[in-house]
Amino acid sequence: KLSALMVKLPLIDEALIPLINICTSNIEFANFYLHELNSYATSLNLGKIEYDIIDEDITDEENNKLTTPNAMPNTTDMIKLSKSVLIQPPLETKNNVSLSIPKDTKAKILQTGNSTNNGIVVFLYEYNGWSTMGYIFQTLCDMYSQQGEKLEAKYYEMILSFVELFASVVSAGVPIEISSKILKDLSSNIDEENIISLVFKVFETSIRNRDYNMAYTCCEFANTLVPNYPQFVWQYLARSDLLDKYGKTGLANTILGILELTNGTYKFTISLSKLSNSLVEESLLLGTNMPSKTKEDILNKIVTHFLNVYESYRFWKFEDIHERFELGSQLTKLFTNVHYNIYSIEPQTPPDKKVTHMLAKSGKLLIDGFLGVQSSGSNCASSLIKILTSYSDKQVYALGNLVFGPVYNNLVVSSFDLAILLAVSYTHLTLPTICSV
């Protein structure tokens, strides 16, 4: 089955769509085959190309190509071009963009339909499969930028599948030397600087168009980038409208307010909270080529956004109660990471003088939210207390993990950890004595 797909690349329906999903499950396996392909398939009107039918023996080298996993199935005719032919890449609509197949190239014809003039021609032609995929993805991105969710369902699903494939490529489970090489190949034939920039272009279009599924898939892609390629995520967030910018409410808040609160599903906000946790941890590492001030500004916006979420999320409608606990756990983890790294490390050193100084302003936001002048009426403090005292509800205690699974217990435990950190900070920091925590 795999060889039958490989030989028909880069045809969309016959090969590329099913192959993307296969490649996603095993990147190193996919790279073994896609790095160098030996056959190029295209649909042609045979009456418009000049060729000779040949019955001569093929060389050992050609035979090897035909018997590899890229080998061609049984066909009707072996031909040789008597004149070079220009063919359009898949999905290409510009007449001035074409691929030149040189004279004397050998090929086989796979007959299709009832007309002998129409057929799939498979040329013996070497090319990089990743590079071709990158070019096709660029074409799809252009289509999506123009049409959004009105894009034909088949092509919309292809974009989602491509983004999931690229997420597998950059994931921490793939050795960075392999993923870097694949990214280079994917980016070799596109107008953007790299394929990652194209994905983030789709991300930005999706959040502006409030395309929930696409936005979520792209956010998951950003999550997989952080371990090995964090600089791309920081760069995107620095220029994106996802978070608050120049006094304008960020699109993350728009998606939450218009789409998620209405439908009672929050997978995008949960994914963004996971990304935020990863970025807090990454900000403490050295080596990312990104100004500290830029990171600091992004983290401040993230913490501000999720403090607002934390204040009210217990009142929201949840179609899946597990999402409520998962969101709460992610937010508690985020606040704990920020607080611990700015107040519990070298407690005698001023926050802005610490190695973790870029979290200083975010830490101050947390202190103000939970322990500040307004904390006696703070919804942040109230949300935390509600979680801490939830075990006193006999029904919740009895059902607890039996119904909700370990995610509920994780939320309670992590909330106690956060409360302890806040209590310790309260004893060390000069704060008004009106805190309710």
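**Exercise 1. Classify the accessibility of Asp241 and describe its pairing.**

Step 1. Asp241 has a relative accessibility of 23% and counts as partly exposed, a class lying between buried (under 20% relative accessible area) and exposed (over 50%), with a 1.4 Å probe and protein chains only. The model is a predicted one, in which local features need pLDDT of at least 70 and side-chain atom pairs count only at pLDDT 80 or more, while totals for chains, interfaces and linings use all residues. Residues are numbered from 1 along each chain as its sequence is written, and side-chain values use heavy atoms, with hydrogens and water left out.

Step 2. Asp241 forms a salt bridge with Arg208, the closest N and O atoms being 3.1 Å apart; the term requires a side-chain nitrogen of Lys or Arg within 4 Å of a carboxyl oxygen of Asp or Glu.

Step 3. Because Arg208 lies in helix α8 and Asp241 in the loop between α10 (230-239) and α11 (251-263), the pair ties together parts that are 33 residues apart in sequence. Helices here are DSSP runs of H or I with at least four residues, numbered from the N terminus.

Step 4. Arg208 itself is exposed, its relative accessible area being 51%, and a network of salt bridges links Glu204, Arg208 and Asp241.

**Exercise 2. How many disulfides does a search of the whole structure find, and is Cys218 buried or exposed?**

Step 1. A disulfide is a pair of cysteine sulfur atoms within 2.5 Å, and the search of the whole structure finds zero.

Step 2. Cys218 is in no disulfide, the nearest cysteine sulfur, that of Cys141, being 8.6 Å away.

Step 3. Cys218 is buried, with a relative accessible area of 0%, and Cys380 also counts as buried, at 1%.

Terms used:
Helices (H or I, at least four residues) and strands (E, at least two) are DSSP runs, numbered from the N terminus.
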